[in-house]
Amino acid sequence: MSERECTYYKTLYEVAKGINSSLDPMVVLGAIVEQVARALSAKACSIRLLDRQGKMLLSSTSYGLSKGYLRKGPVELAKSGLDQEVLSGKVVQIKDAGNDPRFQYPGAAKEEGITSLVVLPLTVEGRSIGVLRVYSDKERTFDGEEVDFASAIANLSAIAIENARLHQALKTDYELLTAYDYTFHE
């Protein structure tokens, strides 16, 4: 087994362990983006989730990106050909983010030192809920093994997000039921 494969397996193990140990999505997703960036020797990694209306991608968590870059503005699907492609189920690679018309903020990418990226869909039960982005500060094409690894992580991330949402809904239902039961018996 190569050193690269060992790194991927170790990262997959750590991600799965993290998902299993916490229902706090910020803790789990924060660990995921950091581990993915490190495993792929990338500048940064981020997860963006669709808003309730399905019109914007909201920043969920990131590793390796400046606060200034994160505040560059909303990612509107109507203006981001890149994210439209990814949310349709495709993995998309961009070699030069500063000059690709599908990228919504090319100037911000140049300022941040982002050159290349791969973007993968986060899907649950066949529907897209967001994207995982891996950023490089050098021009590069992520190879098949790297894309397969990132796809596995994207799938685990989607499961973690859905589990956290279901846990929160169950907790809210329980609290409502408990409050109703309490007022009913008074």
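Is Ser116 buried or exposed? With a relative accessible area of 0%, Ser116 is buried. The model described here is predicted.

## The chain as a whole

The chain has six helices and six strands. Their order along the sequence is α-α-β-β-α-β-α-β-α-β-β-α.

Of the 186 residues in the chain, 40% are buried. The chain exposes about 10200 Å², and carbon and sulfur atoms supply 54% of that area.

## Ser116 and its surroundings

Ser116 belongs to strand β5, which covers residues 116–124. Its side chain reaches the backbone nitrogen of Arg140 at a distance of 2.9 Å.

Apart from neighbours within four places in sequence, Ser116 is in contact with Ile94, Lys95, Val134, Tyr135, Ser136, Lys138, Glu139 and Arg140. One of these residues, Tyr135, also belongs to the aromatic pair described next.

## The aromatic pair

The structure holds one aromatic pair. Its members are Tyr69 and Tyr135, with ring centres 6.3 Å apart and planes at 85°, so the pair is edge-to-face. The cut-off behind this label is an angle over 60 degrees between the planes.

The pair links distant parts of the chain. Tyr69 is in helix α3 (residues 67–70), Tyr135 is in strand β6 (residues 127–136), and the two are 66 residues apart.

Both members can also be described by their accessibility. Tyr69 has a relative accessible area of 3% and is buried. Tyr135, at 1% relative accessibility, counts as buried too.

## The nonpolar cores

The largest nonpolar core has 29 residues. Within this core, the residues with the most contacts are Leu40, Ile47, Leu122, Leu132 and Val134. At least two of the core residues come from each of α2 (25–39), β1 (44–50), β5, β6 and α6 (144–184). Helix α6 supplies the largest share, eight residues.

Another core, of 19 residues, lies apart from the largest one. Its members include Tyr69, Val75, Leu77 and Val92.

Ser60 is found in strand β2, which spans residues 56–63. Its relative accessible area is 15%, and Ser60 is therefore buried, as the cut-off is under 20%. Not counting residues up to four places away in sequence, Ser60 touches Met26, Leu29, Ile47, Arg48 and Leu49. Ser60 and Gly30 are 30 residues apart in sequence, and their C-alpha atoms are 8.9 Å apart in space.

Ser157 has its place in helix α6. At 0% relative accessibility, Ser157 counts as buried. Which residues is Ser157 in contact with, leaving aside its neighbours within four places in sequence? They are Leu29, Ile32, Ile47 and Leu122. Two of these, Ile47 and Leu122, are among the residues with the most contacts inside the largest nonpolar core. Leu29 and Ile47 are contacts of Ser157, and Ser60 touches both Leu29 and Ile47 as well.

Technical notes
Residues are numbered from 1 along each chain as its sequence is written. This is a predicted model: local features need pLDDT of at least 70, side-chain atom pairs count only at pLDDT 80 or more; totals for chains, interfaces and linings use all residues. Side-chain values use heavy atoms; hydrogens and water are left out. Helices (H or I, at least four residues) and strands (E, at least two) are DSSP runs, numbered from the N terminus. Buried means under 20% relative accessible area, exposed over 50%, partly exposed in between (1.4 Å probe, protein chains only). A polar contact is a pair of N or O atoms within 3.5 Å; within protein, one must be able to donate a hydrogen and the other to accept it, and residues adjacent in sequence count only if both atoms are side-chain atoms. Contact means heavy atoms within 4.5 Å. Rings of Phe, Tyr and Trp (its six-membered ring) pair if their centres lie within 6.5 Å; planes under 30 degrees apart count as stacked, over 60 as edge-to-face and the rest as tilted. A nonpolar core is a set of buried Ala, Val, Leu, Ile, Met, Phe, Trp, Tyr and Cys residues joined through side-chain atoms within 4.5 Å. Accessible areas come from the Shrake-Rupley method with a 1.4 Å probe; for residues, only the protein chains shown count as cover.
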